[in-house]
Amino acid sequence: MVALVLGTALSTLGSASAAPGQPTEAVLRAVSDMNRYCTVCWRNARLHPDCWTDCTQEVFCRLMARVQPGSWSQVLADDGEERREFIRAIDAVKKRTQRSRKYVSRPVDTVADPRGLREQRLTEDHEAVRRAAGTLLSPRQQRILDLSFEGWSVQEIARELHVPPERVSDEKYKAIHKLRDHFGSGSAV
């Protein structure tokens, strides 16, 4: 991409050595520096990396229409008309790219809903625990785990079952350890 823009810039200059005070190396350095500057701008604007080279090329095309390639070494200077044109070109390309990204529509059938996968896995895990609990746990332990899955606190379960909260915690602890041993993992259920 830089080679394409550089070739265009050099052909516009005619012979680089013919331009007074503007050797080929200075033009190469200016194009390279502007390319790096554009890349940072695209990254900061959170544009997709696939479009960075197209955006940079568009900036160079806009710049060539407004600034003579012999003055490109002034583009990154402190202040001046060349720099203002460069910043305007970057801003215009960035905004156009961001706007076009908003209006891209995707067919609904090609986009997977990641929420469904997580919820499905959680439901399957709870069902596996309930099946194992039916054979491994006492009815009270099963009820405690069911209420825990539904989001009940230890104190709420204790009131519902008419037992002290300490007893609920102890039964829940024992039930979880039985299930861990059954499933053969050290992770919490």
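Modeller: Start with α7 and α8, which are roughly perpendicular to each other. Keep in mind that this is a predicted model.

Colleague: Why are α7 and α8 called roughly perpendicular?

Modeller: Helix α7 (residues 154–161) and helix α8 (residues 165–183) pack at an angle of about 105°. Angles of 65 to 115 degrees count as roughly perpendicular, so α7 and α8 get that label. Their axes are 8 Å apart.

Colleague: Which residues make the contact of α7 with α8?

Modeller: On the α7 side they are V154, I157 and A158, and on the α8 side P165, V168 and S169. Sorted by class, that contact has five nonpolar residues, one polar and no charged.

Colleague: What makes α6 and α8 roughly perpendicular?

Modeller: The axes of α6 and α8 cross at roughly 95°. The range for the label is 65 to 115 degrees, and α6 and α8 are therefore roughly perpendicular. Their axes come within 9 Å.

Colleague: Which residues of α6 and α8 meet?

Modeller: R140, Q141, I144, L145 and S148 of α6 meet a set in α8 that includes R167, E171, K172, K174 and K178. By class, the contact of α6 with α8 has six nonpolar, two polar and six charged residues.

Colleague: How do you know that L137 counts as buried?

Modeller: Its relative accessibility is 7%. Buried means under 20%, so L137 counts as buried. L137 sits in the loop between α5 (114–136) and α6 (139–149).

Colleague: What does L137 touch, leaving out residues up to four places away in sequence?

Modeller: L137 touches Q142, L145, A175, K178 and L179. As for I176, its C-alpha is 9.5 Å from that of L137, while the two are 39 residues apart in sequence.

Colleague: How many aromatic pairs does the structure hold?

Modeller: One. The rings are those of Y37 and F86.

Colleague: Why is the pair of Y37 and F86 called tilted?

Modeller: The ring centres are 5.5 Å apart, and the limit for a pair is 6.5 Å. The planes stand at 50°; under 30 degrees would be stacked and over 60 edge-to-face, so the pair is tilted. Y37 lies in helix α2 (residues 24–44) and F86 in helix α4 (residues 81–102), so the pair ties together parts 49 residues apart in sequence.

Colleague: Are Y37 and F86 buried or partly exposed?

Modeller: F86 has a relative accessible area of 0%, so F86 is buried. Y37, at 29%, counts as partly exposed, since that label covers values between 20% and 50%.

Methods:
Residues numbered from 1 in each chain as written. Predicted model: local features only at pLDDT ≥ 70, side-chain atom pairs only at ≥ 80, totals over all residues. Heavy atoms only, no water. Axes fitted to C-alpha atoms, helices over the stretch in contact; angles between N-to-C directions. Helix = DSSP H or I, 4+ residues; strand = E, 2+ residues; numbered from the N terminus. Parallel < 35°, antiparallel > 145°, perpendicular 65-115°, else oblique. Contact = heavy atoms within 4.5 Å. Nonpolar A, V, L, I, M, F, W, Y, C, P; charged D, E, K, R; others polar. Buried < 20%, exposed > 50% of the residue type's maximum accessible area, 1.4 Å probe, protein only. Phe/Tyr/Trp six-rings, centres within 6.5 Å; stacked < 30°, edge-to-face > 60°.
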